Amino acid sequence: GKATMISSFLAGSPAYGQTKFNVINLSIAGTSESSLPTLLLGGICLLVFLSGAAGNIINIMPRFLLGGLCVFAGVGFLYENLWEGRKKMNRASFAIVWIIFLVNFIWEFFVLQNLPKDIQPMVPGLLVVFVLGIVLSTFEFMFAFMHKAKDPSIRCGDVCCSSAVRSDKHDSQLAVMAGWFQVFKVDSFVFFGTANTLYQQLKAHLAKQKVTLPKAERTKYLIFDLSEVTGIDSSARDVFYKVHRLLKSEGINLVWAITNPKVGEAFEDQGLYVGAIHFDSLDLALRHVEDELLRKAHHLSEKWLVNQTVRDIFQRQVLVNVFNISVRAEEKSFASSRLRPWSKIITLSSGEELCGDDDDNLYLLYSGEVQVQERDGSHFDCFTGSFFNLDHVLVSVGALAGLPATIGAVATKDSTV
């Protein structure tokens, strides 16, 4: 941008980057980012121009060499814009490029020669197509922005959720992990200004996280919601390349949510799907991210339980959940699904034994009556199941250390545990 501004004041051409120029920089300075080769070559051209030796140098050069240089400079430029441009531009922009090329060709070789000689220097082909390009680009811009574009917005995971039906346990886990993903929403047509604003917001968001949050609480997934995007300018796609590289360097998983098939095809052609995951709707993208977070939580829990101290804490928390569990006595089934994978319902008749002195299970009584005898045989406790009295837990031998061990339990009424 700065080089183009300086060049425009000196009536020069705009600056743009090409791979071959980066290779030249690398061969001269050993790096493609240094400005030394540019300054060196610019200084040599300036000295040649001011010394008046440019004409003599051109005259002594073979004509076929000059022709080869023109072909080398021109063919690559034509191929890049007239053919490869279809992969980077939308149909309207690509059509404008071809219109400019054809008008310039026809004007220079057929129209200009028929004009009076005193007018010919005033209307060169480049000037004509320059004005034509401005007019056509203006009309394209007007059609693309018939409705006002909204500014990109950022939504955190605690206000976004998919339509998937999940258990209370998974909902609680996702609530805890809500800070691990965000949704960046973009509407309408995306041009360079909108994409650049989004990129700056993303950089500020990540920089703020580095300052305020520990690494374990920072973003793990980023969803770009482009479901309401009608089109993307070719220059805006370069900004999405920067987004792709930035997230990859930060170790953040990128997820695209794109509904418009034309936008999706453009992203796929440009390679923006490489290293990222894409879906046809925001709901599918959210569901994928939620599933991945739950899978990570499961893997973490398995790693935590390897340590005995963490395992003891986990078991204690499980018991707390047991004491807080709600029961529907009329249905004789647990309202919560927390313990279903590890438990079963047992129905006892009056006088039937529940457990003996070699049992190590944990029992929860929620209907009926059970009589429990302590190990010494000197004391009996009678527990009555009730919908409102849920702290009657029967603990058999070896179930919990530090609590009174029972030697046996017998149902005195028809009961369910």
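## Surface patch and aromatic contacts

A nonpolar surface patch is formed by Leu127, Phe130, Val131, Ile134, Val135, Phe139, Met142 and Phe143, which together have about 810 Å² of accessible area. Patch residues have over 30% relative accessible area and no salt bridge, and nonpolar side chains are joined within 5 Å; a salt bridge is a side-chain nitrogen of Lys or Arg within 4 Å of a carboxyl oxygen of Asp or Glu. Areas come from the Shrake-Rupley method with a 1.4 Å probe.

The model is predicted: local features need pLDDT of at least 70 and side-chain atom pairs pLDDT 80 or more, while totals for chains, interfaces and linings use all residues. Numbering starts from 1 along each chain, and side-chain values use heavy atoms, without hydrogens and water.

Two partly exposed residues (buried is under 20% relative accessible area, exposed over 50%, partly exposed in between) are listed below.

| Residue | Relative accessibility |
|---|---|
| Val131 | 45% |
| Ala164 | 24% |

Val131 belongs to helix 8 (residues 125-144). Ala164 lies in the loop between strand 1 (153-156) and helix 9 (168-176). Helices are DSSP runs of H or I of at least four residues, and strands are E runs of at least two.

The whole structure holds nine aromatic pairs, with ring centres within 6.5 Å; planes under 30 degrees apart count as stacked, over 60 as edge-to-face and the rest as tilted. The pair of Phe240 and Phe267 is tilted, because the centres are 5.5 Å apart and the planes stand at 55°. Both residues are buried. Ring pairs also link Phe184, Phe224, Phe240, Trp256, Phe267 and Tyr273 into a cluster.

Conventions: Buried means under 20% relative accessible area, exposed over 50%, partly exposed in between (1.4 Å probe, protein chains only). Patches are made of residues with over 30% relative accessible area and no salt bridge: like charges are joined within 9 Å, nonpolar side chains (Val, Leu, Ile, Met, Phe, Trp, Tyr) within 5 Å. Rings of Phe, Tyr and Trp (its six-membered ring) pair if their centres lie within 6.5 Å; planes under 30 degrees apart count as stacked, over 60 as edge-to-face and the rest as tilted.
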